[in-house]
Amino acid sequence: MSPPGGGPAPLPKLSLGWERLCQDRSLHGRDWSAAAAELADGWLRALFARAVAEVGPPPALTPGRLSGLRARWRGVEATTSNEATRPDRGLALIAVGSLGRGDLAPGSDLDLLLVHSGRTDVTEVADRLWYPIWDDPMPLDHSVRTLAQVTQAAESDLRVALGLLDARPVAGDPELGARVVQLGRRLWQAHTPRWLPQVLAAREAAQRSHGEVAFLVEPELQQARGGLRDVQVLALLAQFTPISAGAASELPLTAAADLLHATRVELQRLSRRRSEKLLLEDRDAVAAALGMSGREELAHRLADAGRTVAWAVEDGSRRVQSWLAGPRGRGGSADRPIEPGLVLRDDEVVVPLATPVRDHPSLALRAAAASAELGVPLARSTLARLGLEAPVPGRPWPEEVLRAFLRLLADAPASIHAIETLDQLGVWERFMPEWPRVRNRPQFDPYHRFTVDRHLLETVANVAARARDVHRPDLLLLGALLHDVGKGAGEDHSRAGAAMAALASERFGLPGPDAATLDKLVLHHLLLADTATRRDIEDPATAKTVAETVGDATTLELLAALTEADGRATGPSAWSEWKARLVERLVERAGALLEGKPLAEGTPFPTEDHRRLMASGGLQVVPGPRELVVVGPDRPGLLADVTGALALHGIAVLQARAHSEDGQALEVFTLDLPDGAAPRWERVARDIKGAALGHLEIAAALARNELQRTDRRRRRSPALPPPEVKVTVDNQGASAATILEVRAPDAPGLLHRVAAVLTGLGLDIVSARVSTLGNAAVDTFYVRQAGDKLPLDHAEAARQALEAELAAPAPGTAAAGESRNAPET
């Protein structure tokens, strides 16, 4: 774009200076932003001066017009003749947004407002401002308004009103610029009772969409709860309400905000784009730029910063809402007893001064539970007292402490904020000494949404909703809280967690049988999900193994509830209808054995429909909603060819079952198709038939496909290091087959490669189950040789052959971490 009528030689490009600033690794965070603002301000002043000089002096003012202008400006001193001919008179360039605040990042827009006092030539000036910025090119958000139009826009659009909070004159008429800033303040002072609830409601909506900085593996730094938008809300509350940081004042809010900002600067410095989401693959580079030891340190510090900001803004928001409601809305200041040692005063839970906190070990838990149940905050005086005086309960806990602890857990999800409050005060770990190990601990995989501590509380919330469905809700709540406390212990987290659960049981004062049940819940919390997705649940041996491991019906019931709650708390891809059906069926069969009942007959395979297809002969490909049936002449390698053809089309397989009879082969695949997905089945069928008839070389086609994907892929650091290849043999877990469990880096075509190796060894694949743990595939194959289990030496040979094949790079190997299957818990 070019301004109308051309013009003089352009100014030096701002974008070139911006790029030099991005390359300057000596500046970080606020220092980088200050340098960027200085650079932008200087360039904009020069641009503004040139623009108004080109347009020339403003239209002459008659005495009448001058008098009217003075009246409009409410008492501005008489304009001198020199002032009346200043080219910038009645024009002010105002920075708003990040430029106004001075917290620019490499991907920030230039947010500019050109204010004028009714000048008729303002469009000409605006053209000479905006076109050079676009031509530079720099991202621009702009508007042109009079003071009256600024007022009108602010009163009709909350975003404009929020922008005025950051208004800062950059160039032009200084008196007009000052009036813009004063106008913003007056509008907010007048409209705070109306605008502030809208601001808080908008933040709540954004937080629901973007989650929380503290607990997400890939946090959104700007809009998420505890992010930079909440920092701006805290500044707004401090400026226009009597609510100060109060109890949060001693928290390192400034340091937290600075870290969030510095992280955003480095993230955008990497991409030169307006990136707000810190992805796994960017963490190492951002951590290195900030001088940290690695992604773990960055994750811990970001989580701590996010928690600090989130807690402060939520505490401030609740107090502002109480302030806006007024004394009558709060129900008055008279004390209303809640329970022993607690009263409700001004819609806050208060521990009266006459109550000795140190003498009541359950008081902190009961206060938090009351806050959650009533939906009101703990008073700041009470927060201070609990932080200083709440005692560590004796061991074993008095019964009243365990009762209060379980009550608080049962109140989830309402109690999550209350528990967070206790944790901010350092009180929660007095009851849960295991907590510091998991607090802010990141889980670097694509399927866990939350840090370990928040995942545990989300799991508690999920089981609390099912408390009435089980016989021992108390043990279910405790199991949910403890199931992942072993993470970070340097060993298998289930075993480490079980050891910690044993110590916790002593602290809780649980009787022996209850302690044993809690130990099983933690030790075996992955049993049902892993078994259901990796084993043949219709095989009697599978149900027998689960029943023997669990030991009793009550534990099985609790494990089933914990498994679902854990999956739902992990992430959207970790719990599906398919997995739920498998777990339910497995629990049903294992439960029958524990009750001494005979196992019901499994679902027949092949079904009658399958047999009719086999009887009709020929090569047939029959797709269903989430299933694909392939029937054709029996030959070695058919399953490998079909799975390879599916991989060519990006179709993930969850389960495969095979059967052969009278020279005909039947293969039935359960597919992992996203809702609404509609593969082009005619093309898929064409490639399956081509592979089956020898017209399509699957291995070569997969290699070509992956090379094309690699050429198109933007090269970035892998989000996670690739897992080691490991193959294990189980000759006892199935009734009539050998189980080979394959762990390897996930990649398109992996199922085809494994099936091809097994076929080459002369083995028959009876069934396969496919699952993904982040960037690692965990695939299970039931194989036979001559209709029976493999001899041990043949099984060992198969294991070695698979490890050798999968350790070697496949043609066109995909980048580590790029998955072809739905993740699981």
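**Entry 1: helix 7**

I looked up which residues of helix 7 (residues 147-156) are buried, and found Leu-147, Val-150, Thr-151, Ala-153 and Ala-154. Buried stands for under 20% relative accessible area, exposed for over 50%, and partly exposed for the range in between, with a 1.4 Å probe and protein chains only. Helices (H or I, at least four residues) and strands (E, at least two) are DSSP runs, numbered from the N terminus. I then noted what covers these buried residues: strand 2 (110-116), strand 3 (140-146), helix 8 (158-164) and helix 9 (174-210) are included. Contact here means heavy atoms within 4.5 Å.

I recorded the basis of these entries: the model is predicted, local features need pLDDT of at least 70, side-chain atom pairs count only at pLDDT 80 or more, and totals for chains, interfaces and linings use all residues. Residues are numbered from 1 along each chain as its sequence is written, and side-chain values use heavy atoms, with hydrogens and water left out.

I traced an open sheet of three strands in the order 5-6-7, with antiparallel pairing. Strand 5 (336-339) and strand 7 (348-350) are at the edges with a single partner strand each, so one side of each has no neighbour in the sheet. From one strand to the next the twist averages 35°. Two strands pair if DSSP finds at least two bridges between them. Strand 6 (residues 342-345) is paired with strand 7 over three bridges, in the antiparallel sense; Val-343 has Val-350 of strand 7 as its bridge partner. Across strand 5, strand 6 and strand 7 lies helix 14 (residues 363-374), at about 35° to strand 6. Axes are lines fitted to C-alpha atoms, for helices over the stretch in contact, and angles run from 0 to 180 degrees between N-to-C directions.

I followed a second open sheet, in which eight strands take the order 8-9-11-10-14-15-13-12 with antiparallel pairing. Its edges are strand 8 (620-623) and strand 12 (726-730); each has a single partner strand, so one side of each lacks a neighbour in the sheet. Neighbouring strands are turned by 15° against each other on average, direction ignored.

I then examined strand 14 (residues 764-773), where eight of ten residues are buried. Strand 10 (residues 652-661) pairs with strand 14 over three bridges, and Arg-657 has Ser-767 as its bridge partner. Nine bridges join strand 14 to strand 15 (residues 776-784), with Ser-771 opposite Val-778. Strand 15 is also paired with strand 13 (residues 738-745), over eight bridges.

**Entry 2: two arginines**

I located Arg-769 in strand 14 and found this residue buried, with a relative accessible area of 3%. Its side chain reaches the backbone oxygen of Arg-535 at 3.0 Å, and a polar contact of 3.0 Å joins it to the side chain of Ser-767. A polar contact is a pair of N or O atoms within 3.5 Å; within protein, one must be able to donate a hydrogen and the other to accept it, and residues adjacent in sequence count only if both atoms are side-chain atoms.

I located Arg-318 in helix 13 (residues 295-330). Arg-318 is buried without a salt bridge, and the nearest side chain of opposite charge, Glu-314, is 4.3 Å away. A salt bridge requires a side-chain nitrogen of Lys or Arg within 4 Å of a carboxyl oxygen of Asp or Glu. For charge, Lys and Arg count as positive and Asp and Glu as negative, while His and the chain ends are not counted. A polar atom of the Arg-318 side chain lies 2.9 Å from the backbone oxygen of Val-376.
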